[in-house]
Amino acid sequence: MDLPVLYNEAEEWNYCLMLYNAALKELNTKLEILNNEFKLAHQYNPIEHITYRIKTPKSIAKKLMRYGKEVNIENIIKYINDVAGIRIICSFVSDIYRIANLIKKMSDIKVLKIKDYIANPKPNGYTSYHMIVSVPVCLSNITVDTKVEIQIRTIAMDVWASLEHKICYKFEGEAPEHIQKELKECSELLAYLDRKMLSLSREIQNYSPHPVNSYNYDTKYKSPVIESIGTIVDESKSDNIVDVGSDNSKKKEKKEKKQAGKNRFLFGFGI
Ligand code: GTP
Ligand code: MG
């Protein structure tokens, strides 16, 4: 990210914030468009919801100090990848990879780094798909490539990460061993749940109560709709067919005679 020459740090920081905000908005809009297009084409949303945030100055300073770097704008731009962060929550693991691949295909987005914690979960049980990308922000005179961290995860992974974060905060990173063990177990259970939900969803997608291929209709009809119309036509035609031998035709004859008798009685004359 190359900033224009500015007069002081405060001005530079405001400029940086404006760029990070713009990059988040651009990426968010691109993702919304993809989601809407997908919904139109497949009647299905791969993205459940998106959240984004700008890291607080306190948290940025803490991270730079942890890296042993001086806190200044240049180092923030150079060393902190997650000043702008976007989190994409999906229903299923397959949606995570689908979204990640679509992001990789975006012509103006450069993928700088990928960490697949789904294929390789962290030892504590953390799972998510991380990408560091650079988004071009077009200003009046220059275009500035701005870094954004993208985290893509399922609802289950998100629930786990948020609980783990709370536990970490509460115990200042040193949670009792049994809690760590149970958290890891939870992560494995949730991964199992994600797999089961995905296979259930795939089964539902492929399920058809009346698969057309197995529909055994008369070959003279081309579709079930035409077939049903054909049936109505045939029924009305069958009134004209007299099958002397069948039970139905006898019943019909009897009914007609009875009706004629009724008519004679009502109108007072014979036929
Ligand atoms: P930081 O963890 O941000 O210092 O950067 P890193 O270079 O280690 O990147 P990584 O991709 O591993 O993590 C980036 C972000 O993912 C973190 O800031 C968290 O938001 C999230 N994350 C990574 N590991 C964990 C974890 O064990 N638990 C939780 N709750 N979140 C995690
Ligand atoms: Mg972070």
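A residue is called buried if 20 or more other C-beta atoms lie within 10 Å of its own, exposed if 12 or fewer do, and partly exposed in between, with C-beta atoms placed from the backbone. The structure to which this is applied here is a predicted model, in which local features need a pLDDT of at least 70 and side-chain atom pairs count only at pLDDT 80 or more, while totals for chains, interfaces and linings use all residues. Residues are numbered from 1 along each chain as its sequence is written, and chains are lettered from A and ligands numbered from 1 in the order in which they are written.

The confidence of the model may be considered at the outset. The pLDDT, the predictor's confidence in each residue on a scale from 0 to 100, averages 83 over the protein chain, and 75% of the residues score at least 70. Over residues 217–221 the value is below 50, and this stretch has six contacts in the model beyond near neighbours in sequence. Residues 262–271 also have a pLDDT below 50, with four such contacts. Two residues are in contact if their C-beta atoms, placed from the backbone, lie within 7 Å.

The protein chain contains eight helices and five strands. Along the sequence they follow the pattern α-β-α-α-β-α-β-β-β-α-α-α-α. Of the 271 residues in the protein chain, 18% are buried. Among contacts with a separation of 6 or more, 60% are between residues 24 or more positions apart.

Helix α3, residues 73–79, holds I76. I76 has 22 other C-beta atoms within 10 Å and is therefore buried. Apart from neighbours within four places in sequence, its contacts are I60, L64 and V83. The C-alpha atom of I76 is 9.6 Å from that of C16, although 60 residues separate the two along the chain.

Two packed helices are described by the angle between their axes and the distance between the axes. For α5 and α6 (residues 177–206), the angle is about 170° and the axes are 9 Å apart; axes are lines fitted to C-alpha atoms, for helices over the stretch in contact, and angles run from 0 to 180 degrees between N-to-C directions. The two helices are therefore roughly antiparallel to each other, a term for angles over 145 degrees, whereas those under 35 count as roughly parallel, 65 to 115 as roughly perpendicular and the rest as oblique. On the α5 side the contact is made by A156, M157, W160, E164 and I167, and on the α6 side by I179, L183, C186, S187, L190, L193 and D194. These residues divide into nine nonpolar, one polar and two charged, where Ala, Val, Leu, Ile, Met, Phe, Trp, Tyr, Cys and Pro count as nonpolar, Asp, Glu, Lys and Arg as charged, and the others, Gly among them, as polar.

Within α5, I167 is partly exposed, with 17 other C-beta atoms within 10 Å. Not counting residues up to four places away in sequence, I167 touches A175, I179 and L183. I167 and I179 are twelve residues apart in sequence, and their C-alpha atoms are 8.7 Å apart. V159, also in α5, counts as partly exposed with 13 C-beta neighbours inside 10 Å. Most residues other than glycine have a negative phi. E172, however, has a positive phi of about 50°, and with 7 C-beta neighbours inside 10 Å it counts as exposed. Q43, in the loop between α1 (9–42) and β1 (47–54), likewise has a positive phi, near 50°. Q43 is exposed, with 7 other C-beta atoms within 10 Å.

Key:
Helix = DSSP H or I, 4+ residues; strand = E, 2+ residues; numbered from the N terminus.
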